[in-house]
Amino acid sequence: MKTGISKQTQLVLNVLAEKRCHLTADEILERLDGIGKATVYRALDHLTETGLIRRLALDKKSAVYELVRSDHMHFVCRKCGRVEDIGVNFSAMIAEAAHCCGHQVQWSEVTAYGICKDCLLETETNFNQI
């Protein structure tokens, strides 16, 4: 398997590093000039395989991608679809899961689903106007 990073792949990685958020392939494509959709998907596949980014299917129509960084959980708003990182250290929980079962945990993901504070505020505001 090829381990180097092409110029186009580096551009895709740069978008994710610069924005430090969760972007779909189409959102990444919108930020890049002169790169085709197939090239972006190949770059995302390569970056995922090398462990530099993560592909997340978080109850959205399209998967989102993020730069791999410290442990954190995700919050997904069921109303607007926003995905938000929540910094939390759950390494003890992971170690316990590995210890009790004899597994080697290489990666974990914790996701909470609900209504974000902005959507709650919007709902409350609309209700109060009635």
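Here is a walk through the structure above, from its overall build down to single residues.

What you're looking at is a predicted model, where local features need pLDDT of at least 70, side-chain atom pairs count only at pLDDT 80 or more, and totals for chains, interfaces and linings use all residues. Residues are numbered from 1 along each chain as its sequence is written, and side-chain values use heavy atoms, with hydrogens and water left out.

The chain has 5 helices and 5 strands; helices (H or I, at least four residues) and strands (E, at least two) are DSSP runs, numbered from the N terminus.

Now for the inside. Buried residues make up 31% of the 130 in the chain, where buried means under 20% relative accessible area, exposed over 50%, and partly exposed in between (1.4 Å probe, protein chains only). The largest nonpolar core has 16 residues, and those with the most contacts inside it include Val12, Leu16, Ile28 and Leu32. Such a core is a set of buried Ala, Val, Leu, Ile, Met, Phe, Trp, Tyr and Cys residues joined through side-chain atoms within 4.5 Å. Helix 1 (7-19), helix 2 (25-30), helix 3 (37-49) and strand 2 (64-67) each supply at least two residues of this core. Zoom in on Leu32: leaving aside neighbours within four places in sequence, Leu32 is in contact (heavy atoms within 4.5 Å) with Leu11, Val12, Val15 and Val40. Apart from this core lies another, of 5 residues, among them Leu58 and Val83.

Not counting residues up to four places away in sequence, His74 touches several others, including His22, Glu66, Asp85 and Thr111. Ser70 sits in the loop between strand 2 and strand 3 (72-77), and at 56% relative accessibility Ser70 counts as exposed. Ser70 and Gly87 are 17 residues apart along the chain, with 8.3 Å between their C-alpha atoms.
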